[in-house]
Amino acid sequence: MRAASSAACLVALLVAPIFISALPVDYFYGEDQQQQQQEPNIDEVEENRLDFDQQQKESIGLFAPSKPIGQVSGLAINSNGHIVAFHRSGRVWDEKSFNSDETFNKDLGPINNKTIAIVDRDQKTVDEFGEGLFYMPHGLTIDSNGDYWVTDVGSHQVHKIDAKTQKIVMSLGEKLVPGEDDKHFCKPTDVAVAKNGHIFVADGYCNSRILKFDSKGNLMAQINAAQEDGQPSEFAIPHSLSLIEDMNIVCVADRENQRVQCFSAGLSEGDRTLPTGIPITAATDIGRVFAIREREHYLIGVTGTSDDVEAQMFSIDMSTGKTETFAKGLREAHALAVAADGVMFVSQLEPSRILEVRLL
(Lines give C-alpha, C1' and ligand atoms only; values in the text may rest on other atoms or scores of the structure.)
Protein backbone atom coordinates (compact mmCIF):
# COMPACT_ATOMS: atom_id res chain seq x y z
CA MET A 1 0.00 0.00 0.00
CA ARG A 2 1.43 3.41 -0.94
CA ALA A 3 1.89 6.25 1.52
CA ALA A 4 0.12 8.47 -0.99
CA SER A 5 -3.07 6.79 0.13
CA SER A 6 -2.15 7.71 3.75
CA ALA A 7 -0.57 4.39 4.78
CA ALA A 8 3.01 3.21 4.74
CA CYS A 9 3.92 -0.41 4.26
CA LEU A 10 5.63 -1.59 7.42
CA VAL A 11 7.49 -4.87 7.45
CA ALA A 12 8.53 -6.53 10.71
CA LEU A 13 11.58 -8.70 10.23
CA LEU A 14 12.25 -10.00 13.69
CA VAL A 15 9.31 -8.79 15.72
CA ALA A 16 5.56 -9.17 15.47
CA PRO A 17 3.82 -7.52 12.49
CA ILE A 18 3.02 -3.86 12.98
CA PHE A 19 0.01 -1.86 11.93
CA ILE A 20 -1.01 1.65 10.94
CA SER A 21 -3.01 4.34 12.73
CA ALA A 22 -2.73 7.84 14.23
CA LEU A 23 -0.34 9.64 16.54
CA PRO A 24 -2.14 10.68 19.75
CA VAL A 25 -2.96 14.39 19.77
CA ASP A 26 -2.16 14.68 23.48
CA TYR A 27 1.47 13.83 22.75
CA PHE A 28 1.82 17.17 20.95
CA TYR A 29 -0.53 19.21 23.10
CA GLY A 30 -1.41 19.32 26.76
CA GLU A 31 -5.01 18.72 27.71
CA ASP A 32 -5.70 22.46 27.91
CA GLN A 33 -4.53 22.99 24.33
CA GLN A 34 -6.29 20.17 22.57
CA GLN A 35 -9.37 22.32 21.92
CA GLN A 36 -7.42 25.10 20.22
CA GLN A 37 -8.02 24.75 16.48
CA GLN A 38 -5.58 27.17 14.86
CA GLU A 39 -5.35 27.85 11.15
CA PRO A 40 -1.92 27.50 9.51
CA ASN A 41 -0.31 30.92 9.96
CA ILE A 42 2.35 30.98 7.27
CA ASP A 43 2.84 34.53 6.04
CA GLU A 44 0.61 35.35 3.10
CA VAL A 45 3.35 36.06 0.58
CA GLU A 46 3.89 33.99 -2.52
CA GLU A 47 7.18 32.38 -1.49
CA ASN A 48 5.69 31.27 1.83
CA ARG A 49 2.52 29.68 0.47
CA LEU A 50 2.10 25.93 0.65
CA ASP A 51 -0.85 23.71 -0.14
CA PHE A 52 -1.56 21.58 2.91
CA ASP A 53 -4.02 18.79 3.59
CA GLN A 54 -7.54 20.20 3.77
CA GLN A 55 -8.21 18.16 6.89
CA GLN A 56 -6.12 20.76 8.75
CA LYS A 57 -4.38 18.29 11.02
CA GLU A 58 -1.63 20.76 11.79
CA SER A 59 -0.77 24.38 12.47
CA ILE A 60 2.30 25.49 10.54
CA GLY A 61 4.04 28.81 11.03
CA LEU A 62 7.32 30.46 10.19
CA PHE A 63 10.10 30.26 12.75
CA ALA A 64 12.32 33.20 11.83
CA PRO A 65 15.51 33.70 13.87
CA SER A 66 16.20 37.32 14.79
CA LYS A 67 19.49 37.21 12.87
CA PRO A 68 19.62 36.03 9.22
CA ILE A 69 21.03 32.59 8.50
CA GLY A 70 21.65 30.56 5.37
CA GLN A 71 20.20 27.28 4.16
CA VAL A 72 19.66 25.11 7.24
CA SER A 73 20.88 21.57 6.64
CA GLY A 74 20.73 20.34 10.25
CA LEU A 75 18.49 21.01 13.26
CA ALA A 76 18.58 19.94 16.91
CA ILE A 77 17.18 20.95 20.31
CA ASN A 78 19.64 21.61 23.13
CA SER A 79 19.14 21.06 26.86
CA ASN A 80 17.74 24.60 27.25
CA GLY A 81 15.05 23.86 24.70
CA HIS A 82 16.69 26.17 22.19
CA ILE A 83 16.74 25.37 18.48
CA VAL A 84 20.22 24.80 17.09
CA ALA A 85 20.56 25.37 13.34
CA PHE A 86 23.54 24.16 11.32
CA HIS A 87 23.48 26.30 8.18
CA ARG A 88 25.52 27.19 5.11
CA SER A 89 25.52 30.98 5.49
CA GLY A 90 25.74 32.34 1.93
CA ARG A 91 26.98 29.09 0.40
CA VAL A 92 24.81 26.85 -1.77
CA TRP A 93 25.49 23.36 -3.06
CA ASP A 94 25.62 23.59 -6.85
CA GLU A 95 27.45 22.08 -9.82
CA LYS A 96 30.65 23.96 -8.90
CA SER A 97 30.85 22.63 -5.34
CA PHE A 98 32.42 19.24 -6.07
CA ASN A 99 34.74 17.78 -8.68
CA SER A 100 34.01 14.60 -10.63
CA ASP A 101 36.00 12.52 -8.11
CA GLU A 102 33.79 13.81 -5.25
CA THR A 103 36.52 16.09 -3.87
CA PHE A 104 35.39 19.54 -2.79
CA ASN A 105 36.27 22.56 -4.89
CA LYS A 106 39.18 23.90 -2.84
CA ASP A 107 38.89 27.31 -4.48
CA LEU A 108 35.80 27.86 -2.36
CA GLY A 109 37.58 27.26 0.94
CA PRO A 110 35.79 27.01 4.30
CA ILE A 111 32.79 29.19 5.06
CA ASN A 112 34.13 32.31 6.75
CA ASN A 113 30.85 33.27 8.39
CA LYS A 114 29.22 31.70 11.45
CA THR A 115 27.41 28.47 10.61
CA ILE A 116 25.78 27.42 13.89
CA ALA A 117 22.97 29.51 15.34
CA ILE A 118 21.27 28.94 18.70
CA VAL A 119 17.75 30.38 18.78
CA ASP A 120 15.29 30.45 21.68
CA ARG A 121 11.59 29.66 21.29
CA ASP A 122 10.83 33.37 20.98
CA GLN A 123 12.97 33.32 17.82
CA LYS A 124 15.76 35.37 19.38
CA THR A 125 19.24 34.32 18.28
CA VAL A 126 21.12 33.91 21.55
CA ASP A 127 24.47 32.71 20.18
CA GLU A 128 26.36 32.05 16.95
CA PHE A 129 29.67 30.41 16.13
CA GLY A 130 31.39 28.09 13.64
CA GLU A 131 33.14 30.51 11.31
CA GLY A 132 36.05 29.14 9.24
CA LEU A 133 35.40 25.53 10.24
CA PHE A 134 33.11 23.94 7.66
CA TYR A 135 32.94 23.60 3.89
CA MET A 136 29.42 22.27 3.24
CA PRO A 137 27.37 21.76 6.43
CA HIS A 138 24.92 18.86 6.53
CA GLY A 139 23.89 16.80 9.58
CA LEU A 140 23.64 17.83 13.25
CA THR A 141 22.92 16.07 16.54
CA ILE A 142 23.50 16.83 20.22
CA ASP A 143 24.75 14.10 22.55
CA SER A 144 23.70 13.38 26.13
CA ASN A 145 26.46 15.71 27.44
CA GLY A 146 25.17 18.59 25.35
CA ASP A 147 28.06 18.56 22.87
CA TYR A 148 27.43 19.09 19.16
CA TRP A 149 28.19 16.56 16.43
CA VAL A 150 28.07 17.61 12.79
CA THR A 151 28.76 16.15 9.37
CA ASP A 152 30.49 18.17 6.68
CA VAL A 153 29.94 16.74 3.20
CA GLY A 154 32.53 19.17 1.86
CA SER A 155 35.43 18.03 4.01
CA HIS A 156 34.07 14.43 4.16
CA GLN A 157 34.30 14.50 7.96
CA VAL A 158 32.35 14.14 11.18
CA HIS A 159 33.19 16.56 14.00
CA LYS A 160 32.50 16.74 17.72
CA ILE A 161 32.24 20.29 19.04
CA ASP A 162 32.56 21.07 22.74
CA ALA A 163 29.46 23.05 23.68
CA LYS A 164 31.33 25.22 26.20
CA THR A 165 34.43 26.11 24.19
CA GLN A 166 32.67 25.87 20.80
CA LYS A 167 35.83 24.24 19.46
CA ILE A 168 36.22 21.00 17.49
CA VAL A 169 37.59 18.39 19.90
CA MET A 170 37.34 15.28 17.73
CA SER A 171 37.18 14.56 14.00
CA LEU A 172 36.51 11.38 12.06
CA GLY A 173 37.62 11.09 8.45
CA GLU A 174 40.49 12.70 6.58
CA LYS A 175 39.97 16.37 5.76
CA LEU A 176 38.95 16.96 2.12
CA VAL A 177 39.78 13.34 1.17
CA PRO A 178 36.82 11.13 0.20
CA GLY A 179 37.13 7.37 0.50
CA GLU A 180 35.41 4.11 1.31
CA ASP A 181 37.67 2.43 3.88
CA ASP A 182 37.29 2.58 7.67
CA LYS A 183 39.30 5.83 7.89
CA HIS A 184 37.41 7.80 5.26
CA PHE A 185 33.89 8.93 4.42
CA CYS A 186 32.39 10.23 1.21
CA LYS A 187 29.91 13.05 1.87
CA PRO A 188 28.65 11.76 5.26
CA THR A 189 25.08 12.87 5.84
CA ASP A 190 24.21 12.38 9.52
CA VAL A 191 25.52 11.22 12.89
CA ALA A 192 23.93 9.79 16.05
CA VAL A 193 25.70 9.31 19.38
CA ALA A 194 24.72 6.98 22.23
CA LYS A 195 25.14 7.68 25.94
CA ASN A 196 27.94 5.09 26.08
CA GLY A 197 29.85 7.06 23.45
CA HIS A 198 29.16 4.83 20.45
CA ILE A 199 28.99 6.87 17.25
CA PHE A 200 26.84 6.02 14.23
CA VAL A 201 27.62 7.73 10.91
CA ALA A 202 25.49 7.67 7.77
CA ASP A 203 27.94 7.51 4.86
CA GLY A 204 26.36 8.93 2.77
CA TYR A 205 25.99 10.39 -0.71
CA CYS A 206 28.75 8.24 -2.26
CA ASN A 207 28.98 5.22 0.03
CA SER A 208 25.97 3.14 0.97
CA ARG A 209 26.66 2.20 4.56
CA ILE A 210 26.28 3.03 8.22
CA LEU A 211 29.48 2.89 10.27
CA LYS A 212 29.63 2.44 14.03
CA PHE A 213 32.62 3.66 16.06
CA ASP A 214 33.55 3.55 19.71
CA SER A 215 34.03 6.75 21.71
CA LYS A 216 37.65 7.02 20.56
CA GLY A 217 36.79 6.72 16.89
CA ASN A 218 37.72 3.08 16.35
CA LEU A 219 35.49 1.24 13.87
CA MET A 220 33.24 -1.30 15.58
CA ALA A 221 30.78 -2.40 12.89
CA GLN A 222 29.27 -1.65 9.51
CA ILE A 223 25.55 -1.77 8.87
CA ASN A 224 24.35 -2.54 5.37
CA ALA A 225 20.82 -2.50 4.00
CA ALA A 226 18.52 -5.31 5.11
CA GLN A 227 17.76 -7.91 2.48
CA GLU A 228 14.02 -7.89 1.80
CA ASP A 229 12.03 -9.53 -0.97
CA GLY A 230 11.26 -7.04 -3.72
CA GLN A 231 13.40 -4.32 -2.13
CA PRO A 232 16.79 -2.87 -3.19
CA SER A 233 19.73 -4.70 -1.67
CA GLU A 234 21.76 -1.56 -0.90
CA PHE A 235 21.11 1.83 0.66
CA ALA A 236 20.62 4.64 -1.84
CA ILE A 237 21.71 7.77 0.04
CA PRO A 238 21.21 6.94 3.72
CA HIS A 239 20.36 10.54 4.56
CA SER A 240 19.37 10.60 8.23
CA LEU A 241 19.70 8.54 11.42
CA SER A 242 17.63 8.21 14.56
CA LEU A 243 18.93 6.32 17.59
CA ILE A 244 16.33 4.93 20.01
CA GLU A 245 18.57 3.84 22.86
CA ASP A 246 16.08 2.25 25.23
CA MET A 247 14.85 0.06 22.38
CA ASN A 248 18.43 -0.65 21.24
CA ILE A 249 17.49 0.43 17.70
CA VAL A 250 19.07 2.69 15.11
CA CYS A 251 16.84 3.72 12.19
CA VAL A 252 18.06 4.79 8.76
CA ALA A 253 16.28 7.11 6.33
CA ASP A 254 17.16 5.41 3.05
CA ARG A 255 16.22 8.41 0.93
CA GLU A 256 16.20 7.31 -2.68
CA ASN A 257 14.81 3.86 -1.84
CA GLN A 258 11.87 5.64 -0.16
CA ARG A 259 12.04 3.66 3.04
CA VAL A 260 13.16 3.58 6.65
CA GLN A 261 15.04 0.53 7.91
CA CYS A 262 15.74 -0.09 11.60
CA PHE A 263 18.50 -2.28 13.01
CA SER A 264 19.81 -3.45 16.36
CA ALA A 265 22.22 -0.82 17.66
CA GLY A 266 24.31 -3.23 19.76
CA LEU A 267 24.21 -0.99 22.82
CA SER A 268 22.99 -3.45 25.46
CA GLU A 269 25.24 -5.82 27.33
CA GLY A 270 24.77 -9.43 28.39
CA ASP A 271 24.32 -12.85 26.83
CA ARG A 272 21.05 -11.99 25.07
CA THR A 273 22.32 -8.84 23.36
CA LEU A 274 21.75 -8.63 19.63
CA PRO A 275 24.89 -7.72 17.68
CA THR A 276 24.94 -4.45 15.77
CA GLY A 277 23.12 -4.40 12.45
CA ILE A 278 20.49 -7.12 12.81
CA PRO A 279 17.37 -5.99 10.87
CA ILE A 280 14.45 -5.24 13.18
CA THR A 281 11.73 -3.55 11.15
CA ALA A 282 11.17 -1.37 8.08
CA ALA A 283 8.70 1.07 6.55
CA THR A 284 8.63 1.04 2.75
CA ASP A 285 7.06 3.10 -0.04
CA ILE A 286 6.79 6.20 2.14
CA GLY A 287 8.46 8.71 -0.16
CA ARG A 288 11.99 10.08 -0.32
CA VAL A 289 12.79 10.33 3.39
CA PHE A 290 15.07 13.27 4.12
CA ALA A 291 15.04 13.34 7.91
CA ILE A 292 13.89 11.24 10.86
CA ARG A 293 13.93 11.97 14.58
CA GLU A 294 12.46 10.12 17.57
CA ARG A 295 10.66 11.41 20.64
CA GLU A 296 9.01 9.18 23.25
CA HIS A 297 9.05 6.17 20.87
CA TYR A 298 7.44 8.10 18.02
CA LEU A 299 9.55 8.28 14.89
CA ILE A 300 8.82 11.51 13.03
CA GLY A 301 9.94 12.01 9.43
CA VAL A 302 9.82 14.41 6.50
CA THR A 303 9.77 13.34 2.86
CA GLY A 304 10.38 14.99 -0.46
CA THR A 305 8.31 14.73 -3.59
CA SER A 306 8.64 11.54 -5.64
CA ASP A 307 6.81 10.15 -8.65
CA ASP A 308 4.02 8.50 -6.64
CA VAL A 309 4.17 10.03 -3.13
CA GLU A 310 3.76 13.73 -2.42
CA ALA A 311 5.96 15.58 0.03
CA GLN A 312 4.65 15.26 3.58
CA MET A 313 5.48 14.38 7.17
CA PHE A 314 4.79 11.11 8.95
CA SER A 315 4.81 9.65 12.44
CA ILE A 316 5.32 6.02 13.41
CA ASP A 317 4.60 4.61 16.85
CA MET A 318 7.66 2.41 17.32
CA SER A 319 5.87 0.33 19.95
CA THR A 320 2.98 -0.67 17.70
CA GLY A 321 4.04 0.38 14.20
CA LYS A 322 0.98 2.58 13.80
CA THR A 323 1.56 5.55 11.53
CA GLU A 324 -0.03 8.71 10.15
CA THR A 325 0.87 11.21 7.46
CA PHE A 326 0.31 14.96 7.77
CA ALA A 327 1.55 18.34 6.49
CA LYS A 328 1.01 17.21 2.92
CA GLY A 329 2.64 19.51 0.39
CA LEU A 330 5.52 20.57 2.66
CA ARG A 331 8.18 20.55 -0.05
CA GLU A 332 11.97 20.90 0.01
CA ALA A 333 12.22 19.83 3.67
CA HIS A 334 15.71 18.77 4.66
CA ALA A 335 16.14 18.66 8.44
CA LEU A 336 13.95 18.00 11.46
CA ALA A 337 14.01 18.45 15.23
CA VAL A 338 11.31 17.60 17.80
CA ALA A 339 11.10 19.57 21.04
CA ALA A 340 10.18 18.07 24.40
CA ASP A 341 6.64 19.44 24.09
CA GLY A 342 6.18 17.75 20.72
CA VAL A 343 6.53 20.86 18.56
CA MET A 344 8.38 19.99 15.36
CA PHE A 345 10.85 22.26 13.59
CA VAL A 346 11.47 21.62 9.90
CA SER A 347 14.01 23.35 7.68
CA GLN A 348 13.43 23.88 3.99
CA LEU A 349 16.19 24.64 1.50
CA GLU A 350 14.03 26.46 -1.06
CA PRO A 351 12.72 28.78 0.09
CA SER A 352 15.36 28.86 2.82
CA ARG A 353 13.46 28.93 6.13
CA ILE A 354 12.47 27.05 9.28
CA LEU A 355 8.88 26.04 9.94
CA GLU A 356 7.22 25.31 13.28
CA VAL A 357 4.71 22.46 13.04
CA ARG A 358 2.09 21.58 15.66
CA LEU A 359 -0.50 18.85 15.38
CA LEU A 360 -4.04 19.93 16.25
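**Note on disulfides, aromatic pairs and one buried glycine**

1. A search of the whole structure finds 2 disulfides. The model is predicted. Counting bonded cysteines along the chain, the disulfides follow the pattern 1-2, 3-4.

2. Take the Cys186 disulfide to begin with. Its partner is Cys206, with S to S at 2.2 Å. Cys186 lies in the loop between strand S10 (168–172) and strand S11 (188–193). Cys206 lies in the loop between strand S12 (199–203) and strand S13 (209–213). The pair therefore ties together parts that are 20 residues apart in sequence.

3. What is the hand of the disulfide between Cys186 and Cys206? The torsion about the S-S bond is about -60°, so this disulfide is left-handed. Its two ends also deserve a look for burial. Cys186 is buried, at 5% relative accessible area. Cys206 counts as partly exposed, at 29% relative accessibility.

4. Now the other disulfide. Cys251 and Cys262 are bonded, with their sulfur atoms 2.1 Å apart. Cys251 belongs to strand S16 (residues 249–254) and Cys262 to strand S17 (residues 259–264), so the bond ties together parts that are 11 residues apart in sequence. The torsion about the S-S bond of Cys251 and Cys262 is about 105°, so this disulfide is right-handed.

5. Are Cys251 and Cys262 buried or exposed? Cys251 counts as buried, at 0% relative accessibility. Cys262 counts as buried too, at 4%. The cut-off for buried is under 20% relative accessible area.

6. Aromatic rings come next. The structure holds 9 aromatic pairs. One of them joins Phe86 and Phe134 edge-to-face, 5.1 Å centre to centre and with 85° between the planes. Phe86 lies in strand S4 (residues 83–87), while Phe134 is in the loop between strand S6 (125–129) and strand S7 (137–142). The pair therefore ties together parts that are 48 residues apart in sequence. Phe86 is buried, at 0% relative accessibility. Phe134 is buried, also at 0%.

7. Trp93 and Tyr205 form another aromatic pair, edge-to-face, at 5.1 Å centre to centre and 75° between the planes. Which parts does this pair tie together? Trp93 is in the loop between S4 and strand S5 (116–119), and Tyr205 is in the loop between S12 and S13, so the linked parts are 112 residues apart in sequence. Trp93 counts as partly exposed, at 29% relative accessibility. Tyr205 is partly exposed as well, with a relative accessible area of 21%.

8. Last, a glycine. Gly301 lies in strand S20 (residues 298–304). At 0% relative accessibility, Gly301 is buried. Which residues does Gly301 touch, leaving out those up to four places away in sequence? They are Ala291, Ile292, Gln312, Met313, Phe314 and Leu336. Gly301 and Ser242 are 59 residues apart in sequence, with 10.0 Å between their C-alpha atoms.

Conventions:
Residues are numbered from 1 along each chain as its sequence is written. This is a predicted model: local features need pLDDT of at least 70, side-chain atom pairs count only at pLDDT 80 or more; totals for chains, interfaces and linings use all residues. Side-chain values use heavy atoms; hydrogens and water are left out. A disulfide is a pair of cysteine sulfur atoms within 2.5 Å. Helices (H or I, at least four residues) and strands (E, at least two) are DSSP runs, numbered from the N terminus. Buried means under 20% relative accessible area, exposed over 50%, partly exposed in between (1.4 Å probe, protein chains only). Rings of Phe, Tyr and Trp (its six-membered ring) pair if their centres lie within 6.5 Å; planes under 30 degrees apart count as stacked, over 60 as edge-to-face and the rest as tilted. Contact means heavy atoms within 4.5 Å.
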